[in-house]
Amino acid sequence: MKDIILMTPGPTMVPEEVRKVTGMQPLHHRTPDFYALFSRLNNNLKQIFKTKNEVITLTSSGTGGMEAVVANIFSTGDKVLVASIGYFGERFYDIAKAYGLDAELLDFGWGNAVDLNVLEDKLGNGNYKALLVTHNETSTGVTNNVKEIAKIANRYGVVVIVDAVSSLGGIPLEMDEWGIDAVITCSQKCLMAPPGLAFVSLSERAWQMAKTSNLPKYYFNLKKAKEGVLKSNPDTPATPAVSTIMAVSKSTEMLLNTGLEEVYKRQVLYGSKVRNYIKDLGLELLPREEIASNLITAIKVPEKYKASDIINYMKENYKVLITGGQGLLKGKIIRIGHMGYLTDEMLDKTLTALKEAVDTLK
Ligand SMILES: Cc1ncc(COP(=O)(O)O)c(C=O)c1O
């Protein structure tokens with residue numbers, strides 16, 4: 001639908017400056033113009049990941065990035081713990097199982113955050129090689145305290161792998177400072193660009209593990225991809241999604257010009273504005289407020305409503321698209337994404353649309 005406002009957890013809205021770039025003739029990926037652009041992108045990404053390590057660009061969605069990390073650093077039967085708080089935690093567990101890891105799911109329940117004491121107990125007694133965890137659980141609107149989680153894992157020498165698909169560039173994450181070994185994100189959420197790319201970065205320790213990894217990989221071979229990034233004329237092993245690379249190059253430049261600290265501050269304001277509005281409407285948030293995400297808000301749908309009716313009302317009458325629940329929460333919640341490119345006008349329209357939907361449909 002034309003002119004629709006995407007208040008979803010991704011793809012998110014793409015600013016006009018970035019859309020213009022997307023509409024340009026794609027560069028050829030074996031030319032100096034591309035090398036210069038890719039080099040600028042890699043530099044921007046390192047600043048956003050807050051790492052001195054290389055950031056690898058993969059032509060895939062975020063899930064491909066998660067799979068690439070698993071396939072490249074582990075070997076068959078490696079014992080890993082997956083701390084899950086929802087749909088995407090379970091996806092990480094599924095990927096680990098699919099690759100033959102000895103994966104254990106530590107389920108904290110949908111709508112909760114990782115309990116640090118429980119995690120500490122588990123890691124202290126379990127002899128795990130790695131911990132896989134979601135930073136911002138998009139299915140429930142909960143943000144995990146990854147800084148503390150990484151601290152605990154590091155205390156026990158456990159490698160920390162973070163799915164930051166819906167968080168990087170929106171809320172603080174300091175890969176090197178917090179001692180994280182792998183961070184994964186994508187183009188279509190906080191980075192304000194169209195879908196098509198995943199980005200991953202590995203610590204020195206994770207690259208060491210990659211040397212002995214025996215799992216099958218070809219397209220997602222991170223060692224090969226890193227060689228491409230390190231060339232004086234950096235490139236990718238196969239044809240990348242050039243238009244999306246051009247777009248992310250522009251959007252990350254915009255993000256850095258605004259300043260990450262400024263973006264983080266703005267997200268805190270958006271998060272509390274949405275939550276306060278929801279409470280004033282008499283609706284209930286899914287998670288406790290202390291763990292609620294500033295990037296996406298999950299709202300319980302009261303018995304008298306149908307989630308799909310609210311979503312359709314907002315779409316048809318206001319051209320605002322929000323989403324429903326996934327997995328266990330299908331039909332039980334609605335979710336408003338407020339990450340990436342967002343203006344006060346878009347947010348106000350969304351909240352007005354929600355109020356009218358709730359008033360009209362009751
Ligand atoms: C936290 C999280 N992890 C992973 C994914 C999967 O990303 P993609 O749909 O780009 O494969 C998503 C997508 O919404 C997500 O929010």
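**Ligand shell, domains and backbone**

Reply: The residues of the shell around the ligand comprise four nonpolar, seven polar and one charged, where Ala, Val, Leu, Ile, Met, Phe, Trp, Tyr, Cys and Pro count as nonpolar, Asp, Glu, Lys and Arg as charged, and the others, Gly among them, as polar.

Me: Which residues surround the ligand?

Reply: The ligand is surrounded by Pro9, Gly10, Ser61, Gly62, Thr63, Phe88, Thr134, Thr138, Asp163, Val165, Ser166 and Cys186; a residue is near a molecule if its C-beta atom, placed from the backbone, lies within 6 Å of it.

Me: Before I go on, what should I know about the source and the numbering?

Reply: This is a predicted model, in which local features need pLDDT of at least 70 and side-chain atom pairs count only at pLDDT 80 or more, while totals for chains, interfaces and linings use all residues. Residues are numbered from 1 along each chain as its sequence is written.

Me: OK, how many helices and strands are in the chain?

Reply: The chain has 12 helices and 14 strands, taken as DSSP runs (H or I, at least four residues, for helices; E, at least two, for strands) and numbered from the N terminus. The chain is as compact as a globular protein of its length, because its radius of gyration of 20 Å is close to the 21 Å that the globule rule gives for 362 residues; the radius is taken over C-alpha atoms, and the rule is 2.2 Å times the number of residues to the power 0.38.

Me: And what percentage of the residues count as buried?

Reply: Of the 362 residues, 49% count as buried, a label for residues with 20 or more other C-beta atoms within 10 Å of their own, whereas 12 or fewer makes a residue exposed and anything in between partly exposed, with C-beta atoms placed from the backbone.

Me: Switching topic, which residues of helix 6 are buried?

Reply: In helix 6 (residues 146-155) the buried residues are Val146, Ile149, Ala150, Ile152 and Ala153. They line one face of the helix, because they fall within an arc of 160° when seen down its axis, the arc being that of the directions from the helix axis to the C-beta atoms.

Me: What do those buried residues pack against?

Reply: The buried residues of helix 6 pack against helix 5 (116-126), strand 5 (130-134) and strand 8 (159-163). Gly157, with a positive phi near 65°, follows helix 6.

Me: How is the chain divided into domains?

Reply: There is domain 1 (5-11 + 259-361) and domain 2 (16-257), with bounds from an automatic or database domain assignment. In all, 25 residues of domain 1 are in contact with 24 residues of domain 2, contact meaning that the C-beta atoms, placed from the backbone, lie within 7 Å.

Me: Which element gives the most to the domain 1 side?

Reply: Helix 10 gives the most to the side of domain 1 that touches domain 2, with four residues.

Me: Where is the cis peptide bond?

Reply: A cis peptide bond, with omega about 0°, joins Gly10 and Pro11, and Pro11 lies in the loop between strand 1 (5-6) and helix 1 (16-22).

Me: What about the phi of Lys50?

Reply: Although Lys50 is not a glycine, its phi is positive, about 55°. Lys50 lies in the loop between helix 2 (32-49) and strand 2 (55-59), and it counts as partly exposed because it has 18 C-beta neighbours inside 10 Å.

Definitions and conventions: Two residues are in contact if their C-beta atoms, placed from the backbone, lie within 7 Å.
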